[in-house]
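Please read this briefing alongside the sequence and the coordinates. It goes topic by topic.

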Amino acid sequence: MTVPAPVRPRPTPPAPYRWPVRPASSAVRSASRSAARLARRVAGGVPDWGLAGAAGALCLVGVVLVWASTGPRLAAEGEDPRTYLRRQLLNVAVGAVVMVAFALADHGALRAWTPPLYALGCLGLLAVLTPLGRTVNGAQSWLGAGALQVQPSELVKPALVLILAMLLGEQPDGEHRPRGAQVLLALAVAAVPLGLVMLQPDLGTFTIIAAITFGMLVAAGVRWRWIGLLASAGAAAAVLAWVLGLLRPHQVHRLLTFADPLADPQGAGYNAAQALITVGSGGLSGRGLLRGDQTGGGFVPEQHTDFVFTVAGEELGFAGSALVLLLLWAVLARGLRVAARAASPYGTLAAAGIVCWFGVQTFVNVGMVVGLLPIVGVPLPLVSYGGSSVVACLAAVGVLMSVRGQDVRRL
Amino acid sequence: MMRRPTRSRLLVVHLLVAVLFLVLLGRLWQVQVLDGDRYARMAAENHTRRVVVPAVRGEIVDDRGRPLARDRAAVRVSVDRAALDRLPDRGRAVLSRLAELLGRPREELAARLRPCGPGVNKPCWAGSPYEPVPVAGGVSERVALRLMEREDDLPGVRVERRPVREYPRGTLAAHLLGYLAPGSSGAGRGGAEPTGRDGLEAQYEDDLSGRAGSREVVVDSAGRAVRTVRERAPVPGATLVTSIDARVQAVVEKALKRAAGRVAGAAGSGAAVVMDVRTGRIVALAGYPAYDPSVWTGGIRQADYARLTSEAHGLPLISRAIQGQWPPASTWKIVSTAAAARAGYPLDGHYDCSGSYRIGDRSFRNFGGANLGGMDLHRALVVSCDTIFYRFAHRLWLKDDGAPRPADPMQHMARAFGFGVRTGVDLPGEAAGRVPDRTWKRETWERTRKQTCADARTGYPSVARTDPRRAAYLTAIAKENCDHGYLWTAGDAANFSIGQGDVVVTPLQLARAYAALANGGTLFSPRVGRAVVGRDGRVLREITPPVTGRLPVPDRTLAYIRHALAEVPRSGTAAPAFAGFPLDKVPVAGKTGTAEAYGAADTSWFASFAPADHPRLAVVVVVSEGGTGAEAAAPAAREIWSGIYGLDGRRAALPGGRPPAGLPETTGVSETDGLPAAIGLSGTTGLSGTRGSWDDTGRPR
């Protein structure tokens, strides 16, 4: 999903929101001590260099790939070739600030901030459906105008992870699994953004949000038979949607052309075919940065956003694109480690939810680029151009750091 | 701290992540490493284009090197359909803007972009769907500049400087030259390149076209050239030197237009041929009506094409000198005379030119029914007596009657004079004419018998309702044809002897027959092309009209016939047309012909050569529905002769009637070579510096 302009951080509310479930004093205390903890955790503690390094490397790769895909075109059109490079750098910088802010928050602060974040995300999703929203590529998913444009469907992802972790991670004493009421509440909370995203309609984000919810239910220890039931219900709903024709024509087209993208390379399968050709033509070692004729010729639409992986494929070859995948895998591995060592079920679930989010989103994105999955628009986490996406992903990395920080502190 | 179920669940997530990433890595390996070469090839097809760099087409010049057709630089606008299709509105807005700038209706441009196929009328695109489609040629510099200024509004539109065909002498020799049209014909040539489709342009396509160069360019998704990978310079086409004399051709076309234009209505059509009897070369060849060949330049418009192919406009696309077929009428008598002499009838014997001649129950009348008394064959030719030839034909037919192998001496002589077969002239689409004989008669009868016999049985019921007498007449003919239509009758033979009935010839066939008579018996396969000369002035190939046969007629007979024909303009049938003509200076010999056509005015012929004693040129004129030979064709021939020799107070087009002996100095460098390839077009890159090549780089990068 394209973000033409960087996202500015939202202004910090004057005081933390009070969540009635927790004692107010706890939230206030945690907020007041944050500055002291920052120094300890970053300088004196043991920062997760693996996670920070992998995430940083991915952001850097993203910036380079965005530049490689947009620079030659802009130069050819007589414009500043560094326009998108600069914007993406700004996106990453803003994201880094947000990441640090999340990393410094302890669980109490996170809990306190979660409900307003979730509410804001859902309001944003609601707002895009009003005339305030803008339509891009068949989905009405943008909010704002001019320099500041936000895609609420990206920002709702971390909010959903946190609120589901809160709802599923706090069992009464002695319980090993979330109770039925908790699960139902979690499903209801997930259903709001799911429904709103479907109205845009944005099949990609829908898939990711559904995967996050499903993955967190699994990680929370909900009984397999419940999960099986839920999976069957989801499958039935999908079939029903197909049969009843609830999907938009362009979505049906994309799904159908997936079967053989090269059959109609000029028409509906154009994107898929060009993506596959571009990646495949890179070979083992790639054409060299800025030397790809497919990329330079602008054959892949949306190349710097959802199809940024094709740039790595053509110009850096298997070596480069596999490295990108391995870096993403490293982030997930660190995330799962954080989940396993988390001090509380809340931390475990939050980390697991982020792993599910990144894992599924990476698989869907790269899978569609290499022709394993139909074309649905989702960005590659941390790499694709786009303010909302980069900030949301870095916020998630910040959450992982925060969970780990709690873990380290307790040890 | 961790409870058991969560730990095992995290393991599940771990495994899932591992599986997903291994799947992605495996697929990546498959796509990039295992199938990498295939995709690299597809990518290359995707973003490299072979751009054809057209070669300058060779000139067609006349016998003195005057250009009849040549290339000129012109701005051409073409549209890349693939690029338009990728726009959100499939290029509608772009086409509208382009149409406005060009001052043409948008529908017309859209029509030109449609691929040709069944049910698609002209204009349409016959070339490859990946090639840019030329939509406007000959665009003015002013419009070209405006298009270049607005190039950002016009994605997929290219403004190129391309060679277009130019005809410095306007409509002169249109049928001879033929025309160019884009489309696939030659192998290895780009389908979009204009290719010779008719006339000399088609016949000498391989010599004239040269070899197009090519350039491999990397393009972006909008089809714009980014850089050049490889380049091969084009080889310009050679010059075709013809034996056509532009001045004689002009004289002929003017005379023909005057003669055929006099005919009432649109029926006036005709043809004329001037041939060098000693060499077999064509000096002029014209058909009427003709057309302006420049209508083809830059793609013909629908209305022009409709006019060229419309019956009401006299089908001007048809080259009547080689494609028109008429009964030769009395011009045929040179054949009959030669055949009679060969069969043993003395030339200076005494024959009765009666008013009519009876064969069976049918009376064959002399022209006008005049009884001219006894005479020799000299006089028979001069006054064009028919009955003498009827008698010859009847007697010869009687001799063959019942013979196991009929000699058919008349048909035999006709074929020896080159009738009934194509002359083999270096022009496409030539008609063969027809020499009817027993075999032809039987074949025709077998082909039509079913219908004829059915008509004989039913008796034309639809006609009978309105006109019973006509129906009875038609039924009688059908009955006769059904029963005996396969027989070569004496009546057929009589008609044949005076060039009527089923015999038809083309004007070119008649011209070469008269040339053979004039040159002492050599039958040529005529040629228009004289030599192919390279750009450097080197003669690549000389073209000599091949000799296809010799007349089986003794010199004495030929001289006798020539002598008789020399008398025709003095005191014979053509005397009125040649009144006042200085025959003592230029003795013209000729024969008139008046072919009777059913339900239409007569076809007027005049076949001639001069000087009668030492012939150099043959001139044949036919005017459809022109009346008698003396009324239309002979005056036109007189005008042509006086134009050639400069008589009747005119300037000599070919002084002394002598075509030049050698080749003209051909211009190795034509006027078009010096033009820069992209005047006024901003920033065109990758110009090949080769002289005589055209660059067609699309848009500046």
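Ser384(A) sits in the loop that joins helix H14 (345-369) to helix H15 (387-410) of chain A. The model is a predicted one.

**Around Ser384(A)**

- Is Ser384(A) buried or exposed? Ser384(A) counts as buried, because 27 C-beta neighbours lie inside 10 Å; the cut-off for a buried residue is 20 or more.
- Contacts of Ser384(A), leaving aside neighbours within four places in sequence, are Gly62(A), Thr305(A), Asp306(A), Val308(A), Pro379(A) and Ser389(A).
- Phe307(A) is 77 residues away from Ser384(A) in sequence. In space, the C-alpha atoms of Phe307(A) and Ser384(A) are 7.8 Å apart.

**Helix packing in chain A**

- Gly62(A), a contact of Ser384(A), also takes part in the meeting of H3(A) with H4(A).
- Two packed helices are described by the angle between their axes and the distance between the axes.
- For helix H3 (residues 49-76) and helix H4 (residues 83-104) of chain A, the angle is about 160° and the axes are 7 Å apart.
- How are H3(A) and H4(A) oriented, roughly parallel or roughly antiparallel? Angles over 145 degrees count as roughly antiparallel, and H3(A) and H4(A) are therefore roughly antiparallel to each other.
- The crossing of H3(A) and H4(A) has a right-handed sense.
- H3(A) brings Cys59(A), Gly62(A), Val63(A), Val66(A), Trp67(A), Thr70(A), Gly71(A) and Leu74(A) to the contact. H4(A) answers with Thr83(A), Tyr84(A), Leu85(A), Gln88(A), Leu89(A) and Val92(A).
- By class, the residues of this contact of H3(A) with H4(A) are 9 nonpolar, 5 polar and no charged.

**An enclosed helix in chain A**

- Helix H11 (residues 270-280) of chain A has 11 of its 11 residues buried, so H11(A) is largely enclosed by the rest of the structure.
- The buried residues of H11(A) include Tyr270(A), Asn271(A), Gln274(A), Leu276(A) and Gly280(A).

**Where the chains touch**

- The contact draws 46 residues from chain A and 37 residues from chain B.
- In chain B, helix H1 (4-34), helix H2 (36-47), helix H3 (81-85) and strand E8 (213-219) each supply at least two residues of the side that touches chain A.
- Which element gives the most to the side of chain B that touches chain A? H1(B) does, with 18 residues.
- That side of chain B has 23 nonpolar, 7 polar and 7 charged residues.

**Chain B and one of its sheets**

- Chain B holds 23 helices and 23 strands. Of its 701 residues, 49% are buried.
- Among contacts in chain B with a separation of 6 or more, 71% join residues 24 or more positions apart.
- An open sheet of 5 strands runs in the order E12-E11-E23-E22-E21 (chain B), with antiparallel pairing.
- Strand E12 (282-288) and strand E21 (589-595) of chain B are the edge strands, each pairing on one side only.
- Neighbouring strands of this sheet are turned by 5° against each other on average, direction ignored.
- Strand E11 (residues 269-276) and strand E23 (residues 617-624) of chain B pair in the antiparallel sense over 8 bridges. Gly270(B) has Val623(B) of E23(B) as its bridge partner.
- Helix H10 (residues 246-261) of chain B packs on the sheet and touches E11, E12 and E23 of chain B. The direction of H10(B) makes about 30° with that of E12(B).

Notes: Residues are numbered from 1 along each chain as its sequence is written. Chains are lettered from A and ligands numbered from 1 in the order in which they are written. This is a predicted model: local features need pLDDT of at least 70, side-chain atom pairs count only at pLDDT 80 or more; totals for chains, interfaces and linings use all residues. Axes are lines fitted to C-alpha atoms, for helices over the stretch in contact, and angles run from 0 to 180 degrees between N-to-C directions. Helices (H or I, at least four residues) and strands (E, at least two) are DSSP runs, numbered from the N terminus. Angles under 35 degrees count as roughly parallel, over 145 as roughly antiparallel, 65 to 115 as roughly perpendicular and the rest as oblique. A crossing is left-handed if the near helix is turned anticlockwise from the far one by less than a right angle, and right-handed if clockwise. Two residues are in contact if their C-beta atoms, placed from the backbone, lie within 7 Å. Ala, Val, Leu, Ile, Met, Phe, Trp, Tyr, Cys and Pro count as nonpolar, Asp, Glu, Lys and Arg as charged, and the others, Gly among them, as polar. A residue is buried if 20 or more other C-beta atoms lie within 10 Å of its own, exposed if 12 or fewer, and partly exposed in between; C-beta atoms are placed from the backbone. Two strands pair if DSSP finds at least two bridges between them.
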